[in-house]
Amino acid sequence: QLSDTLLRRAVVMHMRFLRPPRRAAAPPNANLTRRYASSARLAALVERIPVVTPELPAWKRESLELRERLAAHLSKVYPEQLTVAQEGPDRRQARLRAAAIIESEGAREGEGDRTGDETSLDRKLAHRLYLVLREGGAWRLPQVDWSGGAEAPTVRQCLGEHLSASCGASLQLHWVGNAPLAHLPAGEAATFFWRLQYVAGEVEPGAGAEGHAWLTKEELAERLDGEEGALAREVCGPFD
């Protein structure tokens with residue numbers, strides 16, 4: 001037993017000598033830090049998640065119909081006097097009430113779809129919607145300049161204050177992660193995009209904003225210009 005203990009200790013000491021020395025963390029790239037420290041721009045991709053489940057694809061519907069036909073073909077048929085029951089007034093009233101609730105609350109088309117109101121959240125219920133503001137005659141995501149430094153506010157503080165000022169203080173949002181989802185370099189400047197999810201509240205455009213809209217991925221890519229439109233096609237859902 002003593003020899004086994006000594007052998008294990010010898011193996012441990014040997015492995016320690018063979019272990020490569022730890023390297024000190026590489027210092028940050030000073031050029032990269034200076035490049036974006038005073039010329040960064042923060043943009044918010046505010047997302048409303050789907051309210052209802054999306055439509056099934058054609059192949060999925062065909063598969064389900066085939067399974068239902070096969071199950072009906074293989075099922076045993078009992079006489080109607082054993083399976084059909086008289087529906088009483090209470091049960092009939094409950095059935096009609098449930099059907100009315102499903103028709104009114106479970107509709108796949110919202111009021112915004114019927115009226116064509118893009119400012120309404122009650123539209124495109126099965127799709128993800130994204131918030132855009134109209135400023136200076138152009139559509140753009142909510143965004144603000146940010147200068148880094150010891151005295152500068154954090155990214156969340158800076159972008160959060162801008163969202164409250166440009167979209168209304170009642171808008172409640174949830175930050176998805178602590179890192180930007182993408183960035184677009186442009187010479188000495190760069191725009192960093194952060195994903196936020198809509199929780200509650202109404203959008204109240206602030207000074208300088210001519211209006212707002214909740215758009216689907218395809219609509220957003222068409223409204224945004226240049227690289228931002230191409231980026232929207234990549235980072236926006238659905239995420240199947």
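The lining of the second largest cavity comprises five nonpolar residues, three polar residues and one charged residue. In this classification Ala, Val, Leu, Ile, Met, Phe, Trp, Tyr, Cys and Pro are nonpolar, Asp, Glu, Lys and Arg are charged, and the others, Gly among them, are polar. The model is predicted: local features need pLDDT of at least 70 and side-chain atom pairs count only at pLDDT 80 or more, whereas totals for chains, interfaces and linings use all residues. Residues are numbered from 1 along each chain as its sequence is written, and side-chain values use heavy atoms, with hydrogens and water left out.

**Cavities**

- The structure contains two cavities of 30 Å³ or more; a cavity is a set of points, on a 1 Å grid over the protein atoms alone, where a 1.4 Å probe fits but cannot get out, and its lining residues have an atom within 4 Å of a point.
- A volume is the space filled by probe spheres set on the points, with grid points joined across faces, edges and corners.
- The second largest cavity holds about 30 Å³ of space, and its lining includes Thr 119, Tyr 198, Glu 202, His 212 and Trp 214.
- The largest cavity has a volume of about 60 Å³, with a lining of eight nonpolar residues, no polar residues and one charged residue.
- Among the residues lining the largest cavity are Leu 45, Phe 193, Glu 228 and Val 235.
- Helix α9 (residues 226-235) supplies the largest share of that lining, four residues.

**Secondary structure and burial**

- The protein has nine helices and eight strands, taken as DSSP runs numbered from the N terminus (helices H or I, at least four residues; strands E, at least two).
- Of the 240 residues, 28% are buried, meaning under 20% relative accessible area with a 1.4 Å probe and protein chains only.

**Nonpolar cores**

- The largest nonpolar core has 22 residues, and those with the most contacts inside it include Leu 42, Leu 163, Cys 167 and Trp 214; such a core is a set of buried Ala, Val, Leu, Ile, Met, Phe, Trp, Tyr and Cys residues joined through side-chain atoms within 4.5 Å.
- At least two residues of this core come from each of β1 (40-48), β2 (129-135), α7 (155-167) and β7 (189-200).
- A second, separate core of 17 residues includes Leu 45, Tyr 130, Ala 182 and Leu 184.

**Cysteines**

- Zero disulfides are found in a search of the whole structure, a disulfide being a pair of cysteine sulfur atoms within 2.5 Å.
- Cys 167 is buried, at 0% relative accessible area, and Cys 236 is buried, at 2%.

Key. On a 1 Å grid over the protein atoms alone, a cavity is a set of points where a 1.4 Å probe fits but cannot get out, and a pocket is an open set with protein on both sides within 12 Å along at least five of seven lines; lining residues have an atom within 4 Å of a point. Buried means under 20% relative accessible area, exposed over 50%, partly exposed in between (1.4 Å probe, protein chains only).
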